[in-house]
Amino acid sequence: QVQLVESGGGLVQPGGSLRLSCTASGRVFTINTMGWYRQAPGKERELVAGITAGTNTNAADSVKGRFTISRDNAKNTVYLQMNSLKPEDTAVYYCNAVLSRYGSPGWYEYWGQGTQVTVSS
């Protein structure tokens, strides 16, 4: 059907940078919103940043000025550029997309499998 595959996580020192990527594949017709969420141990999953098909963006206050979300519609891919990383950014990061599928009416929400980001010295 449809898969969201993330890449780019890893271990980085405080102040460092990482770039996450997420690509939707399969029977994707069109993608509406895409976004990144994260979940730290013992905490609820939270929105990090989102982007609409028209490339309007929003971001959590905790990452504004440090993280940038962007998308390449031709590649069905969303990116999260993370700069000035802090230990409190450590979490599993999940990609999210609301999209339509070939042959199926309506909109569907999909999640990636998650990628670990660890910020530590």
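Strands here are DSSP runs of E with at least two residues, numbered from the N terminus. The model is predicted, so local features need pLDDT of at least 70 and side-chain atom pairs count only at pLDDT 80 or more, while totals for chains, interfaces and linings use all residues. Residues are numbered from 1 along each chain as its sequence is written, and side-chain values use heavy atoms, leaving out hydrogens and water.

**View A. Ser100 sits in strand 9.** At 8% relative accessibility Ser100 counts as buried (under 20% relative accessible area, 1.4 Å probe, protein chains only). Skipping neighbours within four places in sequence, Ser100 is in contact (heavy atoms within 4.5 Å) with Arg27, Val28, Phe29, Thr30, Gly106 and Trp107.

**View B. The largest nonpolar core has 31 residues.** Such a core is a set of buried Ala, Val, Leu, Ile, Met, Phe, Trp, Tyr and Cys residues joined through side-chain atoms within 4.5 Å. Trp36, Val48, Phe67, Val78, Leu80, Met82 and Tyr93 have the most contacts inside this core. Strands that each supply at least two of its residues include strand 4 (28–39) and strand 8 (77–82). Strand 9 gives the largest share, five residues.

**View C. Met82 and what it touches.** Not counting residues up to four places away in sequence, Met82 touches Gly16, Ser17, Leu18, Leu20, Arg66, Phe67, Tyr93 and Val117.

**View D. The lining of the largest pocket has 14 residues.** A pocket is an open set of points on a 1 Å grid over the protein atoms alone, where a 1.4 Å probe fits, with protein on both sides within 12 Å along at least five of seven lines; lining residues have an atom within 4 Å of a point. Arg38, Ala40, Lys43, Glu46 and Glu88 lie nearest the pocket's centre.

Conventions: Buried < 20%, exposed > 50% of the residue type's maximum accessible area, 1.4 Å probe, protein only. Helix = DSSP H or I, 4+ residues; strand = E, 2+ residues; numbered from the N terminus.
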